[in-house]
Amino acid sequence: MSERRSPTIRRRRLGAELRRRRESAGITIEAVAEQLECSASKVSRIETGHTTATPRDVRDMLRIYGVVGEESDELVQFAREARQKGWWYPYNNVLSGAYVGLEDAARTIRTYEQQVVSGLLQTEEYADAVIRQGRSDLPVEEARQKVRVRMGRQSLLTQDDPVNLWVVLDEAVVSRPVGGDAVMRGQLQRLVEVAQLPNVTIQLLPFTAGAHSGMDGTFTILSFPEPGDPDVVYAENAMGGLFLEKGEELKKYNLIFENVRAAAIGPEESIAHIATLAEEPLWKWRPRGSPRT
């Protein structure tokens, strides 16, 4: 087991194990729900890792599948571990614990961003500007909490067992002065600095690339160290995002990422261009509201 395995991953793994044993026993979800006197949707959500199963739930389900003894005891114990709280639990009111839990356990994160710098690479000032502009309805303290959590997540890049991060940024991301001139310059300088880490790769997808396969929107692919933990795609939208885990979905998004990566300029050239923009930003020579020529 990975030392960075989060409760979210434990819950996901436990659900997969329970599903495998149910299918081996030839029992339907509906039959399990009937014996447990619960809804079929609860059983389904346990199997997909979207609901935390109690040790009693797990023991009862395994009894239905004919799994007893040491094997049952191990999975019941796993259920207890899956109910532990991650470091982000106190902030559940301001973030998606499911995503942060998966991110916390990932070995590799690949992401394509259309509009803003990836959260793991944002400066505090830039993050504050993004959150306040994107959610102007948020109370001040809740916005501050979101910023603090985002900054805390960035330890994944520098801890003893760091995540490998590969980011493709659309050129629009580095062309728009989010938070104003000083904040955006600081953000561009931050990108140049963090790109020096051996586990971080940053590429720019230039406007000159024209139409490309990533135009449907921002997404992140999370990969995990254990073979039993398949990739997860998180596709963002205005309401938060969708988790995609089916084989066809993973294949599609892996192909999209490879296409946008191939269309982007190389990492060294990308960082050199970002460093130039930090000194001579586009928004300085293209006044606001002026037409493109």
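At what angle do helix α4 (residues 55-65) and helix α5 (residues 69-82) pack, and how far apart are their axes? The angle is about 155°, and the axes lie 8 Å apart. Angles over 145 degrees count as roughly antiparallel. That makes α4 roughly antiparallel to α5. The crossing of this pair is right-handed. This is a predicted model.

**The α4 and α5 contact**

From α4, the contact uses P55, V58, R59 and L62. From α5, it uses S72, L75, V76, A79 and R80. By class, these residues split into six nonpolar, one polar and two charged.

**Helix pairs in numbers**

| Helix pair | Angle | Axis separation |
|---|---|---|
| α4 and α5 | about 155° | 8 Å |
| α2 and α3 | about 115° | 8 Å |
| α2 and α4 | about 120° | 11 Å |

**The α2 and α3 contact**

Helix α2 covers residues 29-36, and helix α3 covers residues 40-47. Their packing angle is about 115°. The two helices are therefore roughly perpendicular to each other. Their crossing is right-handed. On the α2 side, I29, V32 and A33 make the contact. On the α3 side, the partners are A40, V43, S44 and E47. Five of these residues are nonpolar, one is polar and one is charged.

**The α2 and α4 contact**

Helix α2 also packs with α4, at about 120°. How are α2 and α4 oriented to each other? Angles of 65 to 115 degrees count as roughly perpendicular, and those over 145 as roughly antiparallel. At about 120°, α2 and α4 are therefore oblique to each other. Here too the handedness can be stated: α2 passes α4 in a right-handed crossing. V32, Q35 and L36 of α2 meet D60, M61, I64 and Y65 of α4. The classes are five nonpolar, one polar and one charged. V32 of α2 takes part in this contact and also in the contact with α3.

**The cavity**

How many cavities of 30 Å³ or more does a search of the whole structure find? The search finds one. The largest cavity has a volume of about 40 Å³. Its lining consists of R11, L14, G15, L18, I46, T51, T52 and A53. Which helix gives the largest share of that lining? Helix α1 (residues 7-25) does, with four residues. By class, the lining has four nonpolar, three polar and one charged residues.

Note on methods:
Residues numbered from 1 in each chain as written. Predicted model: local features only at pLDDT ≥ 70, side-chain atom pairs only at ≥ 80, totals over all residues. Heavy atoms only, no water. 1 Å grid on protein atoms, 1.4 Å probe; cavity = no way out; pocket = protein on both sides within 12 Å on 5 of 7 lines; lining within 4 Å. Points joined across faces, edges and corners; volume = space filled by probe spheres on them. Nonpolar A, V, L, I, M, F, W, Y, C, P; charged D, E, K, R; others polar. Axes fitted to C-alpha atoms, helices over the stretch in contact; angles between N-to-C directions. Parallel < 35°, antiparallel > 145°, perpendicular 65-115°, else oblique. Left-handed = near helix turned anticlockwise from the far one by under 90°. Contact = heavy atoms within 4.5 Å.
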